[in-house]
Every structure is written in C-alpha cells, then in structure tokens.
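Hi,

Here is the structure I promised to pass on to you. My notes on it follow below, with the cut-offs spelled out along the way.

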Amino acid sequence: MNLTWFERREDWEAHYPGHKLLYEITDETQYIITAFKNDELAGLMKLCDELENPDVMRVISIWINPKYRKQGLGTRMYEFLGQCIPGRTISAEVWDSNNVAQDFHERLGFVHDPSSLNRYIKEPTEKGID
Ligand SMILES: CC(C)(COP(=O)(O)OP(=O)(O)OC[C@H]1O[C@@H](n2cnc3c(N)ncnc32)[C@H](O)[C@@H]1OP(=O)(O)O)[C@@H](O)C(=O)NCCC(=O)NCCS
C-alpha cells in the first residue's frame with residue numbers, strides 16, 4: 001500500500017486527475033493523505049489546521065474504500081498521520097450518529113471532546129500516534 005501526504009489539494013489533483021470528484025468535495029481542505037493499492041484509491045483523509053490553535057490538526061474526514069474496510073487501513077492511515085505531525089494533537093470530526101466511526105476512533109485512543117458534540121481528540125505521544 002502506498003501512502004502519500006499532500007500539502008496542497010492542487011498537488012493531489014495534479015497527481016490524480018481521475019479523482020477530481022473527490023477533490024471537489026475537499027473544498028476547504030489544506031492537506032490530504034491518500035492510500036493507493038495498485039492504481040486504486042483505497043483510502044482518503046482530509047485535514048486542515050485548526051486556525052485558533054496551531055498545536056491541533058483537524059481531521060475533517062477519513063474514508064476507506066468499502067473493498068478495503070476492516071483490514072487495518074484506517075488504523076494505518078492514522079499511524080501515518082501521527083508520523084507526519086509528531087507532537088500535535090489530532091481532532092477528528094465524528095458525527096454523533098456514526099457508531100462505527102466512534103468505535104474506530106475510541107479504539108485508536110481518541111476520547112470524546114466534551115466541548116463539542118461531533119469532535120474526538122487524541123493528545124500527541126512522543127513518536128506520534130500509538
Ligand atoms: C470508519 C472507517 C474509516 C474505519 O476504517 P477501517 O480501515 O475499516 O478500520 P480498521 O480496519 O483500521 O479498524 C480498526 C478498528 O475499528 C473498529 N471498527 C472498524 N470498522 C468497524 C465496523 N464496521 N464495526 C465495528 N467496529 C469497527 C474495530 O474496533 C476495528 O478493530 P478490529 O478490526 O480489530 O475489530 C471506515 O469504516 C469508513 O471509511 N467508513 C465510512 C466513512 C466514515 O464513516 N468515516 C468516518 C467519519 S469521517
């Protein structure tokens with residue numbers, strides 16, 4: 001599996017013009033992580049800086065291709081993110097109604113942020129996310 005970090009969504013569009021539709025829904029996104037298996041998009045993570053707190057990276061969404069779910073890829077993408085941004089807190093948007101995503105994030109060590117209904121947070125570890 002090939003995981004790649006893009007600082008700008010335009011860079012991602014240039015690399016993967018065939019995935020313009022997914023690019024278009026990342027309108028407010030500053031960073032994208034992709035996971036490709038052969039030529040197929042297996043996973044996509046959309047991220048942005050938390051403007052009011054530079055120590056925090058916000059995960060707007062994580063999507064795993066249904067074909068590759070429950071095989072550890074989502075976990076691996078978070079591990080990769082932790083390596084890309086060591087020392088920063090990760091704040092994930094997880095809808096209150098999305099029980100699978102809640103279980104998934106709790107399993108990774110995230111806790112519900114009591115100040116926001118749809119937010120889960122994970123404090124940094126020394127070497128990035130566990
Ligand atoms: C949520 C999502 C990102 C998980 O990705 P994934 O690659 O399938 O997750 P992993 O294989 O790394 O799973 C790790 C753990 O999360 C939990 N988990 C993942 N999928 C689950 C499911 N369908 N039901 C219950 N628990 C689940 C399990 O505890 C799992 O550990 P286990 O396999 O040892 O039981 C993926 O299901 C997805 O893309 N869903 C649709 C989009 C979405 O809801 N995104 C999140 C909100 S932005």
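First, a word on terms: strands (E, at least two residues) and helices (H or I, at least four) are DSSP runs, numbered from the N terminus. Two strands pair if DSSP finds at least two bridges between them. Please keep in mind that this is a predicted model, in which local features need pLDDT of at least 70 and side-chain atom pairs count only at pLDDT 80 or more, while totals for chains, interfaces and linings use all residues. Residue numbers start from 1 along each chain as its sequence is written.

**Overall fold**

The chain has seven strands and four helices, in the order β-α-α-β-β-β-α-β-α-β-β along the sequence. Of its 130 residues, 25% count as buried, that is, with 20 or more other C-beta atoms within 10 Å of their own C-beta, placed from the backbone (12 or fewer is exposed, in between is partly exposed).

**Around β4**

A hairpin of six residues links β3 to β4, and these two strands pair antiparallel over seven bridges. On its other pairing, β4 runs parallel to β5, with four bridges. Beyond its neighbours within four places in sequence, valine 59 is in contact (C-beta atoms, placed from the backbone, within 7 Å) with Met45, Leu47, Ile90, Ser91, Ala92 and Glu93. Together, β4, α3 and β5 form a right-handed β-α-β unit; right-handed means that, with the strands pointing away from the viewer, the path from the first strand over the helix to the second runs clockwise.

**The core**

A nonpolar core here is a set of buried Ala, Val, Leu, Ile, Met, Phe, Trp, Tyr and Cys residues joined through C-beta atoms within 7 Å. The largest one has 21 residues, of which Ile32, Met45, Val59, Met77, Leu81 and Ala92 touch the most other members. At least two residues each come from β2 (31-37), β3 (40-49), β4, α3 and β5 (89-93).

**The ligand**

There are 18 residues around the ligand, and Ile64, Arg69, Gly74, Thr75 and Ala101 come nearest; a residue counts if its C-beta atom, placed from the backbone, lies within 6 Å. β4 (56-64), α3 (73-84) and α4 (99-107) each give two or more residues to this shell, with α4 supplying the largest share, five residues.

Happy exploring!

Definitions and conventions
Contact = placed C-beta atoms within 7 Å.
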